Amino acid sequence: MNKILNILHLENDTNDAELVRELLVDADINCHIDVVETESDFKKSLKNKIIDLILCDYKLPTYDGLSALDYAANNYPGIPFVLVSGSIEEDAGIESLRHGASDYVAKRKLARLVPAIKRSLSQAEEHKQRQKAEQSLKESEERYKSLFEANLAGVYKSTIDGKFLKCNSAFVKMLGYSSVDEVLKTNTEQFYIDKDARIKYLSQLKKHGKLFNHELHILRKDRKEIWLTENVVLVDDNIMLGTVIDTTKTKLMTQELIGAKNKAEKADKLKSEFLAQMSHEIRTPINTILNSLSMIKNEINFKENGD
(Lines give C-alpha, C1' and ligand atoms only; values in the text may rest on other atoms or scores of the structure.)
Protein backbone atom coordinates (compact mmCIF):
# COMPACT_ATOMS: atom_id res chain seq x y z
CA MET A 1 0.00 0.00 0.00
CA ASN A 2 1.75 3.19 -1.19
CA LYS A 3 -0.94 5.59 -0.01
CA ILE A 4 -0.70 6.71 3.59
CA LEU A 5 -3.77 5.43 5.40
CA ASN A 6 -5.26 7.76 7.96
CA ILE A 7 -6.55 5.44 10.67
CA LEU A 8 -8.70 6.53 13.58
CA HIS A 9 -8.32 4.09 16.49
CA LEU A 10 -10.86 4.37 19.31
CA GLU A 11 -9.04 2.56 22.14
CA ASN A 12 -8.51 3.34 25.86
CA ASP A 13 -5.73 0.78 26.41
CA THR A 14 -2.44 2.28 25.26
CA ASN A 15 -0.72 -1.12 25.24
CA ASP A 16 -3.34 -2.58 22.90
CA ALA A 17 -3.13 0.51 20.67
CA GLU A 18 0.65 0.13 20.44
CA LEU A 19 0.30 -3.57 19.69
CA VAL A 20 -1.99 -2.81 16.77
CA ARG A 21 0.40 -0.10 15.48
CA GLU A 22 3.37 -2.49 15.54
CA LEU A 23 1.35 -5.17 13.79
CA LEU A 24 0.50 -2.78 10.94
CA VAL A 25 4.08 -1.56 10.65
CA ASP A 26 5.33 -5.15 10.46
CA ALA A 27 2.82 -5.77 7.65
CA ASP A 28 4.30 -2.80 5.72
CA ILE A 29 1.04 -0.90 5.86
CA ASN A 30 1.96 2.75 5.39
CA CYS A 31 -0.33 4.51 7.83
CA HIS A 32 -0.84 7.29 10.32
CA ILE A 33 -2.83 6.27 13.40
CA ASP A 34 -4.74 8.78 15.49
CA VAL A 35 -5.65 7.15 18.82
CA VAL A 36 -8.59 8.60 20.78
CA GLU A 37 -10.29 7.38 23.97
CA THR A 38 -13.54 9.35 24.28
CA GLU A 39 -16.71 9.92 22.29
CA SER A 40 -16.05 13.64 21.89
CA ASP A 41 -12.51 13.12 20.59
CA PHE A 42 -13.78 10.38 18.25
CA LYS A 43 -16.42 12.65 16.73
CA LYS A 44 -14.04 15.61 16.59
CA SER A 45 -11.45 13.62 14.64
CA LEU A 46 -14.06 12.41 12.15
CA LYS A 47 -15.24 15.98 11.65
CA ASN A 48 -11.85 17.64 11.29
CA LYS A 49 -9.66 15.00 9.66
CA ILE A 50 -9.65 12.82 6.56
CA ILE A 51 -10.11 9.27 7.85
CA ASP A 52 -9.64 6.18 5.66
CA LEU A 53 -10.29 3.49 8.29
CA ILE A 54 -11.76 3.21 11.77
CA LEU A 55 -10.54 0.65 14.31
CA CYS A 56 -12.63 0.50 17.46
CA ASP A 57 -12.67 -1.36 20.75
CA TYR A 58 -16.00 -2.97 21.60
CA LYS A 59 -16.15 -1.74 25.20
CA LEU A 60 -14.83 1.56 26.56
CA PRO A 61 -15.23 3.21 29.96
CA THR A 62 -17.58 5.99 28.70
CA TYR A 63 -18.50 4.83 25.21
CA ASP A 64 -19.01 1.59 23.27
CA GLY A 65 -18.21 0.17 19.86
CA LEU A 66 -21.78 -0.21 18.58
CA SER A 67 -22.61 3.43 19.41
CA ALA A 68 -19.45 4.56 17.62
CA LEU A 69 -20.36 2.29 14.69
CA ASP A 70 -23.89 3.72 14.45
CA TYR A 71 -22.55 7.27 14.52
CA ALA A 72 -19.94 6.60 11.84
CA ALA A 73 -22.38 4.65 9.64
CA ASN A 74 -24.96 7.43 9.80
CA ASN A 75 -22.58 10.35 9.32
CA TYR A 76 -19.57 8.92 7.45
CA PRO A 77 -20.92 5.83 5.67
CA GLY A 78 -18.00 5.46 3.28
CA ILE A 79 -15.39 4.78 5.95
CA PRO A 80 -14.70 1.08 6.67
CA PHE A 81 -15.17 0.19 10.34
CA VAL A 82 -13.41 -2.74 12.02
CA LEU A 83 -14.12 -3.73 15.63
CA VAL A 84 -11.01 -4.88 17.53
CA SER A 85 -11.76 -6.09 21.03
CA GLY A 86 -10.76 -8.57 23.67
CA SER A 87 -14.30 -8.89 24.98
CA ILE A 88 -16.26 -9.31 21.77
CA GLU A 89 -18.28 -12.48 21.44
CA GLU A 90 -19.42 -14.20 18.28
CA ASP A 91 -23.01 -12.96 18.62
CA ALA A 92 -21.84 -9.41 19.28
CA GLY A 93 -19.54 -9.57 16.27
CA ILE A 94 -22.40 -10.69 14.02
CA GLU A 95 -24.57 -7.93 15.45
CA SER A 96 -21.86 -5.37 14.59
CA LEU A 97 -21.87 -6.60 10.98
CA ARG A 98 -25.62 -6.07 10.87
CA HIS A 99 -25.06 -2.51 12.05
CA GLY A 100 -22.63 -1.86 9.19
CA ALA A 101 -19.23 -2.94 10.47
CA SER A 102 -16.81 -4.10 7.79
CA ASP A 103 -15.38 -6.81 10.04
CA TYR A 104 -14.62 -7.71 13.64
CA VAL A 105 -11.41 -9.14 15.11
CA ALA A 106 -10.80 -10.54 18.60
CA LYS A 107 -7.59 -9.29 20.21
CA ARG A 108 -6.65 -12.87 20.95
CA LYS A 109 -6.67 -13.45 17.16
CA LEU A 110 -4.86 -10.32 15.96
CA ALA A 111 -3.29 -12.30 13.11
CA ARG A 112 -6.65 -11.73 11.39
CA LEU A 113 -6.38 -7.95 11.68
CA VAL A 114 -4.22 -7.17 8.64
CA PRO A 115 -6.26 -9.38 6.26
CA ALA A 116 -9.43 -7.90 7.71
CA ILE A 117 -8.15 -4.36 7.13
CA LYS A 118 -7.11 -5.11 3.55
CA ARG A 119 -10.41 -6.79 2.81
CA SER A 120 -12.39 -3.93 4.38
CA LEU A 121 -10.47 -1.31 2.39
CA SER A 122 -10.94 -3.30 -0.81
CA GLN A 123 -14.66 -3.67 -0.21
CA ALA A 124 -14.96 0.03 0.59
CA GLU A 125 -13.20 0.93 -2.66
CA GLU A 126 -15.42 -1.41 -4.63
CA HIS A 127 -18.47 0.11 -2.98
CA LYS A 128 -17.19 3.60 -3.79
CA GLN A 129 -16.61 2.70 -7.44
CA ARG A 130 -20.01 1.06 -7.64
CA GLN A 131 -21.63 4.18 -6.21
CA LYS A 132 -19.77 6.32 -8.76
CA ALA A 133 -20.92 4.04 -11.56
CA GLU A 134 -24.50 4.15 -10.29
CA GLN A 135 -24.34 7.93 -10.02
CA SER A 136 -22.94 8.19 -13.54
CA LEU A 137 -25.69 5.91 -14.79
CA LYS A 138 -28.31 7.99 -12.99
CA GLU A 139 -26.91 11.21 -14.47
CA SER A 140 -26.77 9.61 -17.91
CA GLU A 141 -30.39 8.50 -17.59
CA GLU A 142 -31.40 11.98 -16.46
CA ARG A 143 -29.57 13.54 -19.43
CA TYR A 144 -31.23 11.07 -21.77
CA LYS A 145 -34.63 11.81 -20.26
CA SER A 146 -34.00 15.54 -20.56
CA LEU A 147 -32.91 15.25 -24.20
CA PHE A 148 -35.77 12.87 -24.91
CA GLU A 149 -38.37 15.27 -23.55
CA ALA A 150 -36.75 18.51 -24.76
CA ASN A 151 -36.18 17.24 -28.28
CA LEU A 152 -38.10 19.28 -30.85
CA ALA A 153 -38.34 16.17 -32.99
CA GLY A 154 -40.82 13.48 -32.13
CA VAL A 155 -39.12 10.49 -30.55
CA TYR A 156 -40.75 7.10 -30.05
CA LYS A 157 -40.12 3.48 -29.21
CA SER A 158 -42.46 0.77 -30.43
CA THR A 159 -42.73 -2.89 -31.28
CA ILE A 160 -42.59 -3.81 -34.95
CA ASP A 161 -46.27 -4.77 -34.65
CA GLY A 162 -47.06 -1.12 -33.99
CA LYS A 163 -47.51 -1.01 -30.20
CA PHE A 164 -46.05 2.19 -28.78
CA LEU A 165 -43.82 1.67 -25.74
CA LYS A 166 -42.55 5.20 -25.21
CA CYS A 167 -42.71 8.64 -26.81
CA ASN A 168 -41.94 12.27 -26.01
CA SER A 169 -44.25 15.28 -25.82
CA ALA A 170 -43.26 16.51 -29.30
CA PHE A 171 -44.44 13.21 -30.78
CA VAL A 172 -47.72 13.48 -28.85
CA LYS A 173 -48.29 16.98 -30.20
CA MET A 174 -47.56 15.95 -33.81
CA LEU A 175 -50.24 13.28 -33.69
CA GLY A 176 -52.75 15.63 -32.12
CA TYR A 177 -53.08 13.89 -28.75
CA SER A 178 -53.07 15.41 -25.30
CA SER A 179 -50.85 13.00 -23.35
CA VAL A 180 -48.25 10.26 -23.68
CA ASP A 181 -50.61 7.74 -22.08
CA GLU A 182 -53.19 8.47 -24.76
CA VAL A 183 -50.67 7.73 -27.54
CA LEU A 184 -49.48 4.54 -25.84
CA LYS A 185 -52.99 3.16 -26.16
CA THR A 186 -52.89 3.50 -29.94
CA ASN A 187 -51.21 1.46 -32.68
CA THR A 188 -49.13 2.86 -35.53
CA GLU A 189 -51.23 1.04 -38.11
CA GLN A 190 -54.27 3.21 -37.43
CA PHE A 191 -52.44 6.35 -38.58
CA TYR A 192 -51.63 5.11 -42.09
CA ILE A 193 -53.73 6.43 -44.97
CA ASP A 194 -52.35 3.79 -47.34
CA LYS A 195 -52.22 0.42 -45.57
CA ASP A 196 -49.99 -1.00 -48.32
CA ALA A 197 -47.45 1.72 -47.53
CA ARG A 198 -47.12 0.29 -44.00
CA ILE A 199 -46.42 -3.18 -45.41
CA LYS A 200 -43.75 -1.85 -47.79
CA TYR A 201 -42.26 0.24 -44.98
CA LEU A 202 -41.85 -2.76 -42.66
CA SER A 203 -40.44 -4.86 -45.49
CA GLN A 204 -37.72 -2.27 -46.17
CA LEU A 205 -36.98 -1.84 -42.46
CA LYS A 206 -36.56 -5.58 -41.90
CA LYS A 207 -34.34 -5.81 -44.97
CA HIS A 208 -31.99 -2.92 -44.16
CA GLY A 209 -32.37 -2.62 -40.38
CA LYS A 210 -32.77 1.17 -40.64
CA LEU A 211 -34.38 3.84 -42.80
CA PHE A 212 -33.35 7.47 -43.15
CA ASN A 213 -35.39 10.40 -44.44
CA HIS A 214 -38.36 8.13 -44.98
CA GLU A 215 -41.59 10.01 -45.79
CA LEU A 216 -44.78 9.10 -43.93
CA HIS A 217 -48.22 10.26 -45.00
CA ILE A 218 -50.54 9.74 -42.05
CA LEU A 219 -53.67 10.93 -40.27
CA ARG A 220 -53.65 12.76 -36.96
CA LYS A 221 -56.19 12.07 -34.23
CA ASP A 222 -58.40 14.80 -35.74
CA ARG A 223 -58.17 13.04 -39.16
CA LYS A 224 -56.04 15.83 -40.56
CA GLU A 225 -53.46 14.63 -43.10
CA ILE A 226 -49.82 15.34 -42.28
CA TRP A 227 -46.44 14.39 -43.71
CA LEU A 228 -43.56 13.30 -41.50
CA THR A 229 -39.92 12.59 -42.29
CA GLU A 230 -38.60 9.70 -40.22
CA ASN A 231 -35.30 8.13 -39.23
CA VAL A 232 -35.87 4.71 -37.70
CA VAL A 233 -33.65 1.85 -36.50
CA LEU A 234 -34.64 -1.74 -35.81
CA VAL A 235 -32.90 -2.46 -32.49
CA ASP A 236 -33.67 -6.16 -32.57
CA ASP A 237 -36.24 -8.28 -34.33
CA ASN A 238 -39.08 -6.62 -32.45
CA ILE A 239 -38.15 -3.12 -31.22
CA MET A 240 -38.08 0.07 -33.28
CA LEU A 241 -36.54 3.42 -32.26
CA GLY A 242 -37.46 6.40 -34.39
CA THR A 243 -37.41 10.17 -34.68
CA VAL A 244 -39.82 12.16 -36.83
CA ILE A 245 -40.19 15.79 -37.88
CA ASP A 246 -43.34 17.37 -39.26
CA THR A 247 -42.71 18.35 -42.90
CA THR A 248 -46.36 19.11 -43.75
CA LYS A 249 -45.76 22.81 -44.48
CA THR A 250 -42.82 22.01 -46.73
CA LYS A 251 -44.81 19.31 -48.51
CA LEU A 252 -47.79 21.61 -49.11
CA MET A 253 -45.55 24.45 -50.34
CA THR A 254 -43.85 22.04 -52.75
CA GLN A 255 -47.21 20.88 -54.04
CA GLU A 256 -48.33 24.50 -54.53
CA LEU A 257 -45.14 25.33 -56.42
CA ILE A 258 -45.57 22.29 -58.65
CA GLY A 259 -49.20 23.27 -59.25
CA ALA A 260 -48.21 26.86 -60.11
CA LYS A 261 -45.51 25.57 -62.47
CA ASN A 262 -47.96 23.28 -64.21
CA LYS A 263 -50.46 26.13 -64.56
CA ALA A 264 -47.77 28.40 -65.98
CA GLU A 265 -46.69 25.75 -68.47
CA LYS A 266 -50.32 25.18 -69.48
CA ALA A 267 -50.85 28.93 -69.90
CA ASP A 268 -47.72 29.17 -72.07
CA LYS A 269 -49.00 26.34 -74.21
CA LEU A 270 -52.43 27.99 -74.64
CA LYS A 271 -50.72 31.28 -75.49
CA SER A 272 -48.59 29.62 -78.15
CA GLU A 273 -51.61 27.86 -79.63
CA PHE A 274 -53.58 31.12 -79.65
CA LEU A 275 -50.80 33.05 -81.38
CA ALA A 276 -50.37 30.31 -83.93
CA GLN A 277 -54.09 30.35 -84.68
CA MET A 278 -54.19 34.13 -84.89
CA SER A 279 -51.20 34.12 -87.20
CA HIS A 280 -52.92 31.63 -89.46
CA GLU A 281 -56.13 33.61 -89.51
CA ILE A 282 -54.32 36.85 -90.27
CA ARG A 283 -52.19 35.33 -93.00
CA THR A 284 -55.15 33.75 -94.84
CA PRO A 285 -56.99 37.03 -95.98
CA ILE A 286 -53.72 38.74 -96.71
CA ASN A 287 -52.69 35.93 -98.99
CA THR A 288 -56.06 36.19 -100.77
CA ILE A 289 -55.63 39.92 -101.30
CA LEU A 290 -52.08 39.48 -102.52
CA ASN A 291 -53.21 36.82 -104.98
CA SER A 292 -56.01 39.09 -106.26
CA LEU A 293 -53.62 41.99 -106.72
CA SER A 294 -51.25 39.77 -108.63
CA MET A 295 -54.05 38.66 -110.98
CA ILE A 296 -55.15 42.30 -111.59
CA LYS A 297 -51.58 43.29 -112.30
CA ASN A 298 -51.19 40.47 -114.80
CA GLU A 299 -54.42 41.40 -116.54
CA ILE A 300 -53.36 45.06 -116.87
CA ASN A 301 -50.01 44.05 -118.30
CA PHE A 302 -51.74 41.78 -120.79
CA LYS A 303 -54.05 44.58 -122.05
CA GLU A 304 -51.20 47.06 -122.39
CA ASN A 305 -49.20 44.62 -124.46
CA GLY A 306 -52.19 43.89 -126.63
CA ASP A 307 -52.70 47.56 -127.53
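**Close-up views of a predicted protein chain**

**Figure 1. Overview of the chain.** The protein chain exposes about 20,000 Å², of which carbon and sulfur atoms supply 54%. The model is predicted. The protein chain contains 9 helices and 10 strands. Of its 307 residues, 33% count as buried. Among the contacts in the chain with a separation of 6 or more, 53% come from residues 24 or more positions apart. The structure holds 12 salt bridges, and several of them are shown in the views below.

Figure 2. The strands follow the order 2-1-3-4-5 and their pairing is parallel. Strand 2 (31-36) and strand 5 (103-106) form the edges, each pairing on one side only. On average, neighbouring strands of this sheet are turned by 20 degrees against each other, direction ignored. Strand 1 (residues 5-10) is joined to strand 2 by 6 bridges in the parallel sense. Within this pair, histidine 9 has valine 35 of strand 2 as its bridge partner. Helix 3 (residues 65-75) packs on the sheet and touches strand 1, strand 3 (53-56) and strand 4 (81-85). The direction of helix 3 makes about 170 degrees with that of strand 4.

**Figure 3. The salt bridge of lysine 107 and glutamate 11.** The two side chains meet at 2.9 Å, N to O. The pair links distant parts of the chain, 96 residues apart. Lysine 107 lies in the loop between strand 5 and helix 5 (113-150), whereas glutamate 11 lies in the loop between strand 1 and helix 1 (14-26). Glutamate 11 counts as buried because its relative accessibility is 2%, under the 20% limit. Glu11 and Lys107 also belong to a network of salt bridges that includes Asp16 and Asp57.

**Figure 4. The salt bridge of lysine 49 and aspartate 34.** The side chains of lysine 49 and aspartate 34 meet at 2.6 Å, N to O. Lysine 49 is in the loop between helix 2 (39-48) and strand 3, and aspartate 34 is in strand 2. The two residues are 15 residues apart. Are the two partners buried or partly exposed? Lysine 49 is partly exposed, with a relative accessible area of 45%; aspartate 34, at 16% relative accessibility, counts as buried.

**Figure 5. The hairpin of strand 8 and strand 9.** Strand 8 (residues 210-219) and strand 9 (residues 225-234) run antiparallel and are joined by 8 bridges. Histidine 217 stands opposite tryptophan 227 in strand 9. The hairpin has 5 residues between the strands, and arginine 223 takes a positive phi near 70 degrees there. The side chains of arginine 220 and aspartate 222 meet in a salt bridge (3.1 Å, N to O). Aspartate 222 counts as partly exposed, at 46% relative accessibility.

Figure 6. Arginine 198 is part of helix 8 (residues 195-208). This residue is buried yet has no salt bridge. Which side chain of opposite charge is nearest to arginine 198? That side chain is glutamate 189, 4.7 Å away. Leaving aside neighbours within four places in sequence, arginine 198 is in contact with Ile160, Asp161, Gly162, Thr188, Glu189 and Tyr192.

How values were computed
Residues numbered from 1 in each chain as written. Predicted model: local features only at pLDDT ≥ 70, side-chain atom pairs only at ≥ 80, totals over all residues. Heavy atoms only, no water. Pairing = 2+ DSSP bridges. Helix = DSSP H or I, 4+ residues; strand = E, 2+ residues; numbered from the N terminus. Axes fitted to C-alpha atoms, helices over the stretch in contact; angles between N-to-C directions. Contact = heavy atoms within 4.5 Å. Buried < 20%, exposed > 50% of the residue type's maximum accessible area, 1.4 Å probe, protein only. Lys, Arg positive; Asp, Glu negative; His and termini not counted. Salt bridge = Lys/Arg side-chain N within 4 Å of Asp/Glu carboxyl O. Areas by Shrake-Rupley, 256 points an atom, 1.4 Å probe, with all protein chains shown as cover.
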